[in-house]
Amino acid sequence: IYKFAIDSQFTQLRESLKVIAQTAASIIDADMIVGIPLNQSGIDTPQYQTISGQLRALKQKNPSIHYIYIMTSTEKQGIWQFVVDPDPLLKRKIGITAFPGDRYDASRFPEMMKAFTVAAADTKIEADEWGVTLSAYAPISDKSGKAIAVLGVDMLASDVYLAQRQVRLRALFVLILGIILS
């Protein structure tokens, strides 16, 4: 029962992240994404500022989200590039950059690679340059329905472990209560 509870909670977290990614992707204007130059000057464009503001607002309304970003593919298979990350200047201070055009090796993450066709969530906690996270992804489509970018949301592994710890504590409480009642 304990294993079932932990697995169910993990599945629920994955699904919740996927819903957040899908909802966020549905409010992003694909035409604005196309108008962002894929270089560091892209952060100064009105399109970037508008989308960045939308992503920051979504992140504030969903405290479990640690990172939220938009990426698009490149000509090289499995290599994607950032389009919008709401906090590139903050991340630069800690040594991680995510300016428009910055490359990212998405081929390491099979669920991420599916995201241009369908919303997906990692099946396990993954590690990359940004840390150890559980992530979900959803396509951003233009008016014709063609996916032009992917929106990603990341939850820190420490938050996942904290939620699992709460399940363990509840299970322990029920066990102790059962022993006392027995």
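In β7, Leu151 is the bridge partner of Ile70. The model is predicted, so-called local features require pLDDT of at least 70 and side-chain atom pairs count only at pLDDT 80 or more, whereas totals for chains, interfaces and linings use all residues. Residues are numbered from 1 along each chain as its sequence is written, and side-chain values use heavy atoms, with hydrogens and water left out.

**Exercise 1.** State how many helices and strands the chain has, and in which order they follow.

*Solution.* Step 1: helices (H or I, at least four residues) and strands (E, at least two) are DSSP runs, numbered from the N terminus. Step 2: the chain has six helices and seven strands. Step 3: along the sequence, the pattern reads α-α-α-β-β-α-β-α-β-β-β-β-α.

**Exercise 2.** Determine which strands pair with β1, and in which sense.

*Solution.* Step 1: two strands pair if DSSP finds at least two bridges between them. Step 2: β1 (residues 67-73) and β7 (residues 147-156) are antiparallel, with five bridges. Step 3: β1 and β2 (residues 79-84) are also antiparallel, with four bridges; in β2, Trp80 is the bridge partner of Ser73. Step 4: five residues lie between the strands in the hairpin of β1 and β2, where Gly78 takes a positive phi near 85°.

**Exercise 3.** Decide whether β1 is mostly covered or mostly uncovered.

*Solution.* Step 1: a residue is buried under 20% relative accessible area, exposed over 50%, and partly exposed in between (1.4 Å probe, protein chains only). Step 2: six of the seven residues of β1 are buried, and the strand is mostly covered. Step 3: for the chain, buried residues make up 46% of the 182 residues.

**Exercise 4.** Describe the largest nonpolar core and the elements that give residues to this core.

*Solution.* Step 1: a nonpolar core is a set of buried Ala, Val, Leu, Ile, Met, Phe, Trp, Tyr and Cys residues joined through side-chain atoms within 4.5 Å. Step 2: the largest core has 34 residues, and Ile33, Ile51, Leu55, Ile70, Ile140, Leu151 and Val153 touch the most other members. Step 3: two or more residues each come from α1 (2-27), α2 (30-34), α3 (46-61), β1, β2, β6 (131-141) and β7. Step 4: α1 gives the largest share, seven residues. Step 5: a second, separate core of 14 residues includes Ala106, Met112, Trp130 and Val150.

**Exercise 5.** List the residues that Leu55 touches, not counting residues up to four places away in sequence.

*Solution.* Step 1: contact means heavy atoms within 4.5 Å. Step 2: Leu55 touches Ile28, Ile68, Tyr69, Ile70, Val84, Pro86 and Leu151.
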